[in-house]
Amino acid sequence: MAGRLGAWADGGEGVVQCPSCRRLSGIGRWSWEDDYYACGQLGLTFWNWAELTYGFEQEVRRGLGGHRTVTLRGKL
């Protein structure tokens, strides 16, 4: 899958076969239980901010046209 992630990051679909249903799909369309893994092209870092509120996160989602987003907290 690592090679497909690179292809996806370069603008391709990153098509992989789902190990559960065997259907082919672009990795950007996959969903994982409990958001274990996510693929995205935009990252925002907020240093020395108070914890982001749900309302603020919703406002960012609206600004991004409703695209699915994932909030990560802590150091990566």
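Reader: Which residues do ring pairs link into a cluster?

Author: Phe-46, Trp-49 and Phe-56 are linked into a cluster by ring pairs. Rings of Phe, Tyr and Trp (the six-membered ring for Trp) pair if their centres lie within 6.5 Å; planes under 30 degrees apart count as stacked, over 60 as edge-to-face and the rest as tilted.

Reader: What kind of model is this, and which pLDDT do local features need?

Author: This is a predicted model, in which local features need pLDDT of at least 70 and side-chain atom pairs count only at pLDDT 80 or more, while totals for chains, interfaces and linings use all residues. Residues are numbered from 1 along each chain as its sequence is written, and side-chain values use heavy atoms, with hydrogens and water left out.

Reader: Back to the rings. How many aromatic pairs are there?

Author: Three aromatic pairs are found in the structure. One of them joins Phe-46 and Phe-56, edge-to-face, at 5.6 Å centre to centre and 85° between the planes. Phe-46 is in the loop between β2 (24-26) and α2 and Phe-56 is in helix α2, so this pair ties together parts that are ten residues apart in sequence.

Reader: And why is the pair of Trp-49 and Phe-56 tilted?

Author: The planes of Trp-49 and Phe-56 are at 55° and the ring centres are 5.9 Å apart, so that pair is tilted.

Reader: Which residues make the nonpolar surface patch?

Author: Leu-42, Leu-44, Phe-46, Trp-49 and Leu-64 make a nonpolar surface patch of about 500 Å². Patches are made of residues with over 30% relative accessible area and no salt bridge; nonpolar side chains (Val, Leu, Ile, Met, Phe, Trp, Tyr) are joined within 5 Å, and like charges within 9 Å. The areas come from the Shrake-Rupley method with a 1.4 Å probe, and for residues only the protein chains shown count as cover.

Reader: Where is Leu-64, and what is it in contact with?

Author: Leu-64 sits in the segment after α2, and it is partly exposed, with a relative accessible area of 31%. Leaving aside neighbours within four places in sequence, Leu-64 is in contact (heavy atoms within 4.5 Å) with Leu-42 and Thr-69.

Reader: New topic. How many salt bridges?

Author: Two. A salt bridge here is a side-chain nitrogen of Lys or Arg within 4 Å of a carboxyl oxygen of Asp or Glu. Glu-57 pairs with Arg-61, with the closest N and O atoms 3.7 Å apart. Glu-59 pairs with Arg-62, where the closest N and O atoms are 2.7 Å apart.

Reader: Where do those residues lie?

Author: Glu-57 and Arg-61 are both in helix α2 (residues 54-63), four residues apart, about one turn of the helix. Glu-59 and Arg-62 are also both in helix α2, three residues apart, again about one turn.

Reader: Buried or exposed?

Author: Glu-57 and Arg-61 are both buried. Glu-59 is partly exposed, at 49% relative accessible area, and Arg-62 is exposed, at 53%.

Reader: What makes up the largest nonpolar core?

Author: Five residues: Trp-8, Val-16, Cys-18, Ile-27 and Trp-30. Such a core is a set of buried Ala, Val, Leu, Ile, Met, Phe, Trp, Tyr and Cys residues joined through side-chain atoms within 4.5 Å. Cys-18 touches Arg-23 and Trp-30, not counting residues up to four places away in sequence.

Reader: What percentage of the chain counts as buried?

Author: 12% of the 76 residues. The accessible surface of the chain is about 6600 Å², and 51% of that belongs to carbon and sulfur atoms.

Reader: What pattern does the chain follow?

Author: Along the sequence the pattern is α-β-β-α, with two helices and two strands. Helices (H or I, at least four residues) and strands (E, at least two) are DSSP runs, numbered from the N terminus.

Reader: Which residue other than glycine has a phi near 70°?

Author: Arg-22, with a positive value. Arg-22 is in the loop between β1 (15-17) and β2 and is exposed, at 53% relative accessible area. Asn-48 also has a positive phi, of about 60°, and is not a glycine. Asn-48 is in the loop between β2 and α2 and is exposed, at 81%. Most residues other than glycine have a negative phi.

Note on methods: Buried < 20%, exposed > 50% of the residue type's maximum accessible area, 1.4 Å probe, protein only.
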